[in-house]
Amino acid sequence: MQDPATLSDRDIGRTEVKNTTCYMCACRCGIRVTLRDGEVRHIEGNPEHPHNQGVICAKGASGIMKQYSPARLTRPLLRKPDAERGEARFEEISWDRAFQIMEERLSHLRKTDPKRFALFTGRDQMQALTGMFAKQFGTPNYAAHGGFCSVNMAAGLIYTIGGSFWEFGGPDLDRSKLFVMFGTAEDHDSNPLKIHISKFKRNGGKFISVNPVRTGYSAIADEWVPIKPGTDGALLLAIIREIIELGLYDRDFLVQYSNSAELVIDDPEREDHGMFKRVEMHYEEGCFDPENKLWWDRGLDIAMGTHTPGCDPYLLGEFTLDDGTPVKPAFQLLKDRVEEYTAEWAENITGVPADTIRRLAHEMGVTARDHKIELPIQWTDCWGNEHNSVTGNPVSFHAMRGLAAHSNGFQAIRALGILMTLLGTIDRPGGFRHKAPFPRPIPPCPKPPNSADAVQPDSVLDGMPLGWPSAPEHLFVDDDGEALRIDKAFSWEYPLSVHGLMHNAITNAWRGDPYRIDTLLLFMANMAWNSSMNTERVRGMLADKDEDGEYKIPFLIVCDAFQSETTAFADLVLPDTTYLERHDALSMLDRPISQYTGPMDSVRIPVVEPKGECKPFQEVLVELGTRLKLPAFVKEDGSRKYRDYPDFIVNHETSPGSGIGFLAGWRGKGGEKFLKGEPNPRQWEMYAQNNCLYHYELPRSYQYMRNWNKGYLQWARAHGMTRYAEPITLHLYSEVLQKFRLAARGKRPGRQPPERLRERVATHFDPLPFYSDTLMNKLIDTHEYPLNALTQRPMAMYHSWDSQNAWLRQIHTHNYLMVNPKTGAANGFDDSDWIWVESPTGKVRCMCRFTEAVEPGTVWTWNAIGKAAGFWGLSPKANEANKGFLLNHVIPEELPPCEAGEHISNSDPVTGQAAWFDQRVKVYKAGAEEEKATWPRFKVVKRYPGQEPKRGRWLSYFAGRFGKKAG
Amino acid sequence: MTQLALVIDLNVCVGCHACVTSCKEWNTSGWAGPMSDFHPYDADPTGTFFNRVQTYEVGEFPNTETVHFPKSCLHCEEPPCVPVCPTGASYKREDNGVVLVDYDKCIGCKYCSWACPYGMRELDEKQKVMKKCTLCIDRITDQSLPETERKPACVLACPTSARLFGDVHDPDSEVSVAIREQGGYQLMPEWGTAPANHYLPRRKTRIRIHEDELVRADNPLDKEAIELPDEQGETLDDVAW
C-alpha cells in the first residue's frame with residue numbers, strides 16, 4: 001500500500017465540497033458534503049455553523065447510507081386495480097398522471113366540501129408551507145405530528161412563560177450551575193444539547209436527571225433520580241411547596257415579571273370567581289394582556305394598579321376591595337394549592353424519597369439565590385425602568401416527552417414552568433433563554449377557525465388551521481359544541497390542541513365521526529406503523545370497506561422517500577427526495593434554528609441530483625396549488641405564479657407587500673434587509689455563500705429579559721416578529737384556563753361544553769397546577785396491569801427513520817423489552833427469554849433484557865426499531881421484523897368508554913397530546929412451544945416497482961466506485 | 001518521538017455513536033477502506049468498524065451507573081500485534097507511533113488479533129485482511145487540509161468533545177495535560193503493552209448545603225403580613241405583676 005502520509009484524499013477522483021443542512025433528524029445541523037466523482041464521499045459538521053459548531057452525530061455521519069438506501073422509492077405508483085390496500089401491488093405511473101388524478105379529485109372536493117380533504121404530515125420541518133396549503137385549499141383538517149409528539153411541552157410552557165424548549169428556547173448551560181433534566185433520553189436539539197451539557201459538566205456544574213430509565217444523557221448525570229412514569233407533576237409540586245415554605249423563591253422577579261401579586265377575585269358564588277379583578281384604565285386597543293389589574297400595596301394597605309411606581313405589593317394574604325370584592329394575590333392561591341403536596345405525599349406517588357425531594361428543592365433554591373450572575377448589560381424594561389445590569393439565577397431545566405406524553409402532562413409542565421418562574425430563571429443568564437420568534441404573547445395571536453362557516457366551497461379557510469385559543473370563543477365547534485375537525489382538535493374534548501391530534505385522524509375518518517372524508521394525504525408519517533397508536537387496528541381501518549365495497553377512507557395518498565409500512569396502504573404513492581437532493585427553507589414561520597442570541601433560519605440546497613423521478617414534496621404542493629388555482633399560487637388571471645419551489649421561497653409574501661416571506665435573511669432588492677423586506681432574487685445565492693443560514697445577532701441589551709425588555713419588544717415589532725410590544729407577564733396563575741373552567745361550570749356567558757364534558761373541562765382547566773393520576777389508570781385495572789411501559793429513542797436512531805440504513809441498523813438491529821431483574825424474577829422469566837407484553841387492548845411477543853438502569857415498576861424499549869417484514873428495503877428475514885417488535889400494538893388510541901364519551905382520545909384532556917407513556921401492561925413468559933419470533937406479524941410484501949433489485953450479500957461502499965459497481 | 005493517541009473522556013461521553021459512524025464514513029472511502037458490511041439489508045448484519053461503543057451497567061438499582069465506553073485500537077507503544085505478524089503487514093510508524101496494517105502484505109492469518117489483548121482488530125471478511133483504527137492517518141497527515149481539520153474523523157465529530165487527540169509524549173499537549181490532571185488511565189497496563197490511548201474517569205459534582213443556608217436572613221416571607229390570632233385571650237401581660 002502507498003504510504004498514507006504521501007497522499008491526499010482530495011486527489012482521488014474529482015472532489016467537490018458543498019454546504020447544506022442535515023435532515024437525519026430534526027436537529028438541523030450545518031453540514032459540509034464532500035463529493036467524489038459525484039458520489040457522497042463524506043458528510044461532516046460545518047465548523048462555521050453556529051448551531052452545531054462543526055460536530056455531527058451518528059445519524060448525520062450515516063447520511064450516505066440513507067442516500068443510497070435500497071428502500072428509496074423512485075417512481076410515482078398507483079395501486080393496481082385488482083390489488084387490495086396493504087398488498088402493496090402497484091404500477092408505475094408518470095408524474096403527469098399522478099397530478100391529473102390528484103387535480104381531478106381535489107378540485108371536486110374544493111368545489112363541494114373542502115374539509116373532505118385532509119392533510120397530515122410527520123416530522124417534516126415544512127409546516128409553514130403545508131399549513132398554508134391547507135388554509136389555501138380551505139380545509140381545517142391539517143396538522144403535523146406535534147399532537148403525538150410533545151405538544152404538552154409546547155403548550156404547557158407557552159401558555160405559562162411565552163416560550164418553551166427545543167426550537168423555542170432552552171437552558172443556558174454556558175452559565176448555569178445546576179441543570180435538571182426531566183424525561184429526556186435524547187432530544188431533537190441533539191448536537192447543541194450535547195455540546196453544552198459537556199461544557200456544563202466540565203465547568204463543574206451539577207447535572208440531575210429525573211427519569212425512570214438511566215440511558216442517554218442520564219448516563220452522565222451527577223445524580224439520577226428514578227421516578228415512576230407519569231408522576232413528575234407530583235414531584236414538581238412538592239418541590240414548589242418546599243421552595244415556597246422556605247422562602248427560596250425570587251420575590252422581586254415574581255412581583256415584577258409574573259402575575260403572582262395580581263389580585264384574583266375569590267368568591268365561589270360570583271360568576272367572575274377566579275378571574276383577575278380588572279379596573280377601568282386606559283390601555284391600547286387590541287392589546288393582548290391589558291395591565292388593568294391590581295396589586296395590594298404593603299405600605300398604604302390599599303389596592304393599586306400593577307406596576308405603579310413605588311408600589312410594593314403583598315404576595316400573600318387576603319383582602320377586600322372597596323367595592324366589597326374579596327381578592328387574593330395569585331401567589332397566595334398557589335401557596336394554598338400546594339399546601340397538601342408535601343414531600344411525604346409525593347414520595348408515595350413518585351417513589352422518590354421525601355428527603356431527596358426536599359434536598360432537590362434546597363439545591364435549586366439555594367443555588368438560584370446564592371450564585372447570582374450579574375452581567376454588565378444595560379437594558380430598559382417595559383415600564384421605563386433602566387437597569388444597569390442583567391442578573392440571573394443559574395438553575396436551568398430541560399424536559400421532553402417523559403413529562404409530555406402523559407394525560408396529566410399539561411399540568412405537570414405548567415408546574416415546571418412555575419418552578420422555573422419561582423426560581424427567577426426566565427430569559428436570564430444561567431436559566432432558561434428564549435429563541436426568536438419567542439417569547440410570544442400568552443398565548444400567541446393566531447387563532448383557529450371558530451365556526452362551521454369558516455369552511456366554504458372554493459374559499460380559503462377563515463382562520464389558521466392551527467392556532468392558540470385563549471377563550472371558549474376560539475374553539476372550532478358547532479352549535480352543539482361538538483367538533484368540526486376530523487381529529488376533533490380545538491373541540492371541548494381537547495380545547496388547547498394547538499398541534500392537532502394526528503393520532504386520531506384515521507380512526508375518526510374511518511368511523512365517520514364527526515364526518516366522512518374523501519382524500520387523506522399523508523406526508524412522511526408512518527401511520528401504518530410506529531406513528532400510530534393501536535397500529536394493528538389502524539392498519540385494519542385503512543383497508544376497511546363499506547357495504548358498497550368502497551374504502552371507508554376512499555382515497556389515500558402517501559408521499560415518502562422510502563418504502564414505509566404506510567406506503568403499502570396508499571392508492572397513490574409519491575416518491576419524495578432525500579435531504580441531499582432538495583431545496584428547503586427552515587423558516588421563521590415554522591420552527592427556525594434561532595439561537596439565544598437572536599433569530600436564525602437556514603436552508604437546504606441540493607448537493608446531488610434526485611434519484612429516479614423523485615420529486616420534493618414542496619414541488620408537489622406548489623404544482624398542485626397552481627393546478628387547483630389556490631389564490632396564493634396563481635396570479636389574478638389564474639395563471640401560474642411560481643416557477644417552482646425555490647421561486648416560491650424567494651417571491652412569496654405572507655400577504656401582498658407584507659415583506660415577510662419564508663426566509664428572513666437577505667431580503668430587500670439587494671439583500672440589504674432582514675426579517676422584513678421586498679423579495680430578493682439572489683436570496684438563495686446569498687444563503688449559499690453564508691453557510692446556508694442567516695443569523696441576526698441581537699445587541700446584547702436585547703438578548704435577555706425579552707418578555708419585558710422594551711428595546712427588544714419594540715425591535716421585534718418593528719421587524720414584524722410580533723404584533724405587540726407589550727410585556728409578556730408570566731402566567732403563574734392562568735386566567736386563560738379559568739375561562740374554560742367557568743364556562744364548564746355554567747358561569748360564563750357564551751359557549752359551554754356539552755354536558756358529558758363539563759366535569760372533564762372543569763377539572764382539567766385548573767388555573768393552578770395540580771396532580772391527578774393519568775386518565776388511563778382511572779379507567780383500567782391497575783392491579784391486573786401493574787407495570788408502566790415506555791419507549792425511548794436511541795441517539796443513533798433518534799426520530800427512527802433509519803432502519804434502512806446499513807450502518808445505523810448494525811447499532812440497533814432489534815429491540816428488547818428492558819426489564820429490571822426483580823420484575824423479571826417476580827414474573828417468572830429470565831434474561832433474554834421470549835415474553836408477552838399485554839395491555840387491556842393488545843399484546844406483543846418480544847425478547848426481554850434485564851437491566852439495573854430502570855425502576856422496577858417500569859418496562860421500556862427503544863422506539864420503532866421493529867419493522868414489518870419486507871419493508872424499508874430490508875429482507876423479510878431481517879432482525880427488525882423477527883426479533884424486533886413494536887410496542888404501539890398494545891397502546892390504544894382511545895380510552896375505554898367513560899363519562900366524557902364512547903370514543904375519547906387517549907390523550908391529555910387539555911391539549912390532545914397522545915398519552916403514549918400512560919401505558920400499563922403485564923408481562924409473562926412465552927410458552928416453550930411458541931415460535932421464537934415477534935407477534936403480531938403481517939403479510940410480507942414484495943419490492944415496489946422502481947425500487948432497486950435486491951442488493952448483494954456484501955456492501956463495500958467506496959465513494960466514486962459504488963455507483964459504477966452497482967450499475 | 002511523537003506518539004499520537006486519543007484520550008477519551010468518559011465523564012462526558014453520552015454513547016451517541018457519532019464516533020462510530022463518522023469513522024466508518026471517513027475510512028470506508030479512504031486509504032484504509034472499504035469497510036465491508038455483510039448482510040447489510042438482511043438478517044444479522046455485521047460489518048467492519050474501527051471503533052465501537054459498548055455500554056455497561058455498574059451496580060444495582062437504584063445505585064446504577066450506565067457507562068458508555070468507546071473502544072478502538074489503542075496504538076500501544078509496545079504493540080503485541082506487530083512482532084507476531086509473519087509478513088510484516090502490521091507495523092508501528094516511527095514518525096508518529098500510529099499502528100497500521102499494510103493490506104498488500106496481510107495474509108489474514110489473525111495472529112495479530114489473537115495477540116491483541118483488547119480485541120481491537122477486525123478481519124474484513126470480504127477482503128480477508130485485518131483492519132483497525134488508523135487514527136485517520138490519511139487525514140492527520142494530509143497537509144492540504146487546514147490544520148484544525150488534521151484530526152481523526154471521530155474527534156471532529158464528537159458532539160461532547162469527549163475525544164481529545166494529540167501527542168502523549170509532549171508534556172504540554174492537551175492530551176498530556178488531561179491525562180496528568182484528570183486521572184487519565186490506560187486499559188490493562190499490566191499487560192505491558194503501554195497503550196497510547198487513555199481514558200478519563202467519571203467525576204461527580206455534588207452540591208453541599210449547610211443547614212443555616214436554608215434559614216434566610218432576608219426571607220421574602222417576612223415581607224408578607226403575619227397573621228395574628230383574632231382573639232388573643234389572656235396574656236402574661238394581663239396577669240403578671
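This is a predicted model: local features need pLDDT of at least 70, side-chain atom pairs count only at pLDDT 80 or more; totals for chains, interfaces and linings use all residues.
Within chain A, helix H6 (residues 232–245) packs against helix H12 (residues 409–422), their axes coming within 8 Å and crossing at roughly 25°. Because angles under 35 degrees count as roughly parallel, H6(A) is roughly parallel to H12(A). The crossing of H6(A) past H12(A) is left-handed. On the H6(A) side, the contact is made by Asp232(A), Gly233(A), Leu236(A), Leu237(A), Ile239(A), Ile240(A) and Ile243(A). Facing them from H12(A) are Gln411(A), Ala412(A), Ala415(A), Leu416(A), Ile418(A), Leu419(A) and Leu422(A). Sorted by class, this contact of H6(A) with H12(A) holds 11 nonpolar, two polar and one charged residues.

Attention now turns to the two chains. Their contact draws 82 residues from chain A and 70 residues from chain B. Several elements of chain A each supply at least two residues of the side that touches chain B: strand S3 (39–45), helix H5 (190–202), helix H10 (354–370), helix H22 (808–811) and strand S35 (954–955). The largest share of that side, seven residues, comes from H5(A). In terms of residue class, the side of chain A that touches chain B comprises 39 nonpolar, 23 polar and 20 charged residues.

Strand pairing also links the two chains. S35(A) pairs with strand S2 (residues 37–38) of chain B in the antiparallel sense, over two bridges. Here Trp954(A) stands opposite Phe38(B), a residue of S2(B).

Methods: Residues are numbered from 1 along each chain as its sequence is written. Chains are lettered from A and ligands numbered from 1 in the order in which they are written. Axes are lines fitted to C-alpha atoms, for helices over the stretch in contact, and angles run from 0 to 180 degrees between N-to-C directions. Helices (H or I, at least four residues) and strands (E, at least two) are DSSP runs, numbered from the N terminus. Angles under 35 degrees count as roughly parallel, over 145 as roughly antiparallel, 65 to 115 as roughly perpendicular and the rest as oblique. A crossing is left-handed if the near helix is turned anticlockwise from the far one by less than a right angle, and right-handed if clockwise. Two residues are in contact if their C-beta atoms, placed from the backbone, lie within 7 Å. Ala, Val, Leu, Ile, Met, Phe, Trp, Tyr, Cys and Pro count as nonpolar, Asp, Glu, Lys and Arg as charged, and the others, Gly among them, as polar. Two strands pair if DSSP finds at least two bridges between them.
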